[in-house]
Amino acid sequence: MSEPRYDALIIGAGFSGLYMLHKLRELGLSVIAVEAGENIGGTWLFNRYPGARCDIESIEYSYSFSEEIEQEWVWTETMPAQPEIEAYLHFVADKLDLRRDIRLNTRVTAMAFDAADAGWRIDTDTGVRFTASYVVAASGILSVPLEPDLPGMDAFDGASLFTGSWPKAGYDLTGKRVGVIGTGSSGVQLIPVVAREAAHLTVFQRSAAYTLPWEVRPLEADELKTLKASYPEIRAAQREHPVGAARLNAFSVLLDTLSQPPIKSASRAEQLRAIDEHGVMGALAWGDIFFDIEANRMAARLYGEAIARIVKDPATAAALVPTHPFGCKRPIIDQGYYETFNRDNVTLVDLRAGAIRAITPTGISTEQGDYGLDVIIYATGFDAMTGALTRIDITGRDGADLRQIWQDEGPAAYLGLAVAGFPNLFIIQAPGSPSATTNFVAALEQHVEWIGDCITYLRANGQRTIEARPEAQQEWIEHTTSLVEPTVLAHPSCNSWYNGGNVPGKKRRYMAYNAGIPEYRRRCDEVAATGYPGFDLA
Ligand code: NA7
C-alpha cells in the first residue's frame with residue numbers, strides 16, 4: 001500500500017513535529033506527519049506519571065511564533081504540569097488545523113534514500129509506504145524509555161509501571177508497597193507524590209541526585225494578563241538568553257553560578273552563610289565549580305551539609321549526597337524531595353552499598369537484603385538524543401546505515417541537524433544541537449525555522465538535494481566537544497544521557513551544544529546566508 005508522494009514527511013507529532021508541519025504547510029509544501037503514539041503530544045503524551053512537570057516557566061516553554069496562541073491559551077501555573085502541556089498541544093493542533101495531516105498509530109520502521117528519485121521511501125508498521133523529497137525527524141530527544149536489564153523483571157507478580165509509558169487511566173497506589181528505581185528528574189518528581197499515596201515507598205537509588213527545591217505556584221489572572229501584555233519583551237529576552245529562557249529556571253540557576261565568587265577562596269563562614277541563606281541551592285552557587293573538579297567536590301560536601309539540615313536520619317542524609325560532579329547531569333528541580341525522606345513510610349536503599357540482584361515474584365532482591373513490594377516503578381531514563389532514530393532502519397546514500405555509523409563513530413551531525421551520507425534528512429535536535437541544555441521549545445523553534453528557510457532556498461534555486469559534508473560534520477563535532485572539554489562535564493565520572501553514559505554499550509560523546517542558542521543561531525544563520533557551506537547542494 002502506498003500513499004501519494006509528499007514534498008515532506010515528518011516523523012513525530014510532539015512539540016517539534018506540530019510546528020514543523022505548520023511551517024511547511026505555510027510554505028506551500030504537501031506534508032504528512034506520522035506519529036507512533038495513539039495521539040499527538042510526544043514526550044508530553046507518554047510521560048504522564050504523577051508529578052510530571054516542566055522545569056521551565058510555562059510562559060517561556062511555549063510556542064512564540066503565534067501571537068494568537070500566546071494570547072488565547074491560559075496557563076494556570078508558573079511551571080506547567082504534564083496534563084496542562086498535553087492540553088496546550090491539543091489546543092495548538094486544533095487551532096492550526098493540524099490533525100488532518102497527521103497519521104496516528106503509525107510507526108516508521110525503515111526508510112531509504114533513493115538517489116535517482118532524490119527522495120526517501122518510508123515504511124511504516126501499518127504497511128503503508130510513503131515517499132517524500134524531504135524527511136524531518138521530529139522524533140524527540142527523550143522519547144525512547146530505557147528499561148533496565150534486571151533478571152526476573154517479567155516474573156514480578158505485582159504491577160510494573162514505567163514513568164515513560166505511564167497508564168493512561170492512571171494507577172491507584174493507595175495502600176500499596178511501592179518501589180521506585182531511579183532518581184533522575186522523573187524519579188525526583190514522582191517520589192514525593194507517591195510517598196503521599198502509598199502505604200510504603202522504598203526508593204532504590206544508584207546515583208544520588210543534585211536537586212533544587214522549587215516553588216511552583218498558581219498564576220493569578222492578573223499576573224497572567226500582565227505577562228501576556230509583556231510577551232514581546234519576554235520573547236526578546238528569551239531570544240538573547242543562552243538557554244532560551246530568561247526567567248528563573250533550573251538552567252539559569254546553573255548559569256548564574258558562573259558570576260559567583262569561587263568556593264575555593266570562600267572562608268568556612270562564607271560557605272556556611274551560603275547554605276544558611278539559600279539551603280541546598282546556596283551550596284552550589286560558586287563560580288569555579290564548572291571548571292575545577294576540586295571546587296565542585298567542595299560544593300558537593302557543602303551540599304551534603306545542607307541536606308543533613310533537612311533529612312533527620314543521618315545515614316539517609318549521607319546516602320543522598322551525590323558523588324558525581326554537579327553540572328554533568330541535567331539540573332533537577334523538585335517539590336519537597338528531601339523532606340519526603342523524613343516520612344515514616346519512606347525508606348531509601350542506597351544501591352552503592354549493595355546493588356540490585358534481581359526482581360523476584362514478590363519484590364526486589366539486593367545485595368543488602370530483600371524488599372517485598374506490590375508495585376515497582378521504573379524511572380530509569382531514556383536512550384536519549386539518538387534512540388528514536390537508531391530504532392529505525394535508516395539507509396542513506398550508497399547504503400550508509402545511520403545506526404551503524406553512530407554506533408561505530410559516535411553520535412554526530414553537522415550543525416546538530418543533518419548527518420553526512422543522509423541527504424534531505426533534517427533532524428530536529430540531533431547530537432550537537434543546543435536542545436538538551438536549553439529550553440527545548442526555544443531550541444526547536446529555531447530548528448524548524450532554519451529548516452523551513454533551507455527548503456525554501458533549495459526550491460527557489462532548483463536544487464533537489466542537500467547533504468552535510470563529512471569534514472564539516474567533523475569540524476562541528478570538534479567545536480562542540482571543545483566547549484565541554486575545559487569543564488567538569490568532561491570528567492570521567494560524568495555518566496548521563498548527555499553523553500550516552502547511561503546506556504550500556506553506547507559510544508560515549510557529549511551530545512549537547514553548550515555555547516547557547518544565540519551563538520548557535522548566529523552560526524546557523526551565517527551558513528544559510530552564505531549559500532550553505534558545509535553542505536553539498538545538487
Ligand atoms: P535520568 O535522568 O537518566 O535518570 C535515570 C535514573 O535511573 C538514574 O538515577 C539512574 O541511575 C537510574 N537507573 C537507571 N538504570 C538503573 C538500574 N538498572 N538500577 C538502578 N538505577 C537505575 O532519566 P529521567 O527520566 O529521570 O530524566 C531524563 C530527562 O527527562 C531529564 O534530564 C529531564 O530533561 C527530563 P544512574 O544515574 O545511571 O546511576
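1. A118 sits in the loop between β4 (108–114) and β5 (119–124); helices (H or I, at least four residues) and strands (E, at least two) are DSSP runs, numbered from the N terminus. Its phi is near 50°, positive in a residue other than glycine.

2. Some ground rules. This is a predicted model, where local features need pLDDT of at least 70, side-chain atom pairs count only at pLDDT 80 or more, and totals for chains, interfaces and linings use all residues. Residues are numbered from 1 along each chain as its sequence is written, and side-chain values use heavy atoms, with hydrogens and water left out.

3. Y532 also deserves a look: phi is near 60°, again a positive value in a residue other than glycine. Y532 lies in the loop between α17 and β20 (535–537) and is buried at 2% relative accessible area.

4. The structure has 1 disulfide, meaning a pair of cysteine sulfur atoms within 2.5 Å. The partners are C328 and C494, with S to S at 2.5 Å. The link is left-handed, with -100° about the S-S bond. C328 is in the loop between α11 (314–319) and β11 (332–334) and C494 in the loop between α16 (470–484) and α17 (517–529), so the pair ties together parts 166 residues apart in sequence. C328 is buried at 3%, and C494 at 0%.

5. What about C524? Its sulfur is 11 Å from the closest cysteine sulfur, in C454, which is too far for a bond. C524 is buried too, at 0% relative accessibility.

Conventions: Buried < 20%, exposed > 50% of the residue type's maximum accessible area, 1.4 Å probe, protein only.
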